[in-house]
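Hi,

Here is the structure I promised to pass on. Have a look, and my notes follow below.

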Amino acid sequence: MIDPAVNDWSLTLLEQAARFAEKRQSVLAGNVANINTPNYKVRDLPVGEFRQAMSDAVARQKASPSLGHVPPEPENISEDLFQAKEVASGHLTFQDGGNRNLEHEMTELTKNAMQHRVTVEMLASRLRLLETVISGRL
């Protein structure tokens, strides 16, 4: 967890985004691991809801410039968004009742890995900037 003393709301949001992507990668990998499991229903995290929660947090920050760089409250990004849920699939349903699709899962794994990498790179960049400012090497 990023130290609140750093007092930069963008770090808090980037941390949440990285945590979400990590959790989602684990869920998607579980879907791939169970691709041959009879009756298996794919699971995922609520990506749209998480994006909306992040957008709302940014909007609240922009609407309250008097807050300065106060990090968003943890309850603004609900822990429910980090819980995997069974998803209805628009793909074929197998005779065993499963709704898995390897191509779809591999595509989602790849997209999520790229999103995670970009988020972590942005987080690292912000931390390097803070380190530079703190050390006075501008």
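How many salt bridges does the count come to, if a salt bridge is a side-chain nitrogen of Lys or Arg within 4 Å of a carboxyl oxygen of Asp or Glu? The count comes to four.

Some housekeeping before the details. This is a predicted model, so local features need pLDDT of at least 70 and side-chain atom pairs count only at pLDDT 80 or more, while totals for chains, interfaces and linings use all residues. Numbering starts from 1 along each chain as its sequence is written, and side-chain values use heavy atoms, with hydrogens and water left out.

Let's start with R24. Its side chain meets that of D44 in a salt bridge (2.7 Å, N to O). That pair links distant parts of the chain, with R24 in helix α1 and D44 in strand β1 (residues 43-44), 20 residues apart. (Helices, H or I of at least four residues, and strands, E of at least two, are DSSP runs numbered from the N terminus.) R24 also forms a salt bridge with E108, with the closest N and O atoms 2.7 Å apart. Because R24 sits in helix α1 and E108 in helix α3 (residues 102-135), this pair ties together parts that are 84 residues apart in sequence. Salt bridges with shared partners join R24, D44, E108 and K111 into one network.

As for accessibility, buried means under 20% relative accessible area, exposed over 50%, and partly exposed in between (1.4 Å probe, protein chains only). R24 counts as buried at 5%, D44 is buried at 15%, and E108 is buried too.

Then there is R19, whose side chain meets that of E79 in a salt bridge (2.7 Å, N to O). E79 lies in the loop between α2 and β2 (85-86) and R19 in helix α1, so the pair ties together parts 60 residues apart in sequence. Here E79 is partly exposed at 44%, and R19 is partly exposed at 31%.

Q16 lies in helix α1 (residues 9-33) and is buried at 11%. Leaving aside neighbours within four places in sequence, Q16 is in contact (heavy atoms within 4.5 Å) with F50, M54, I77 and F82.

Cheers
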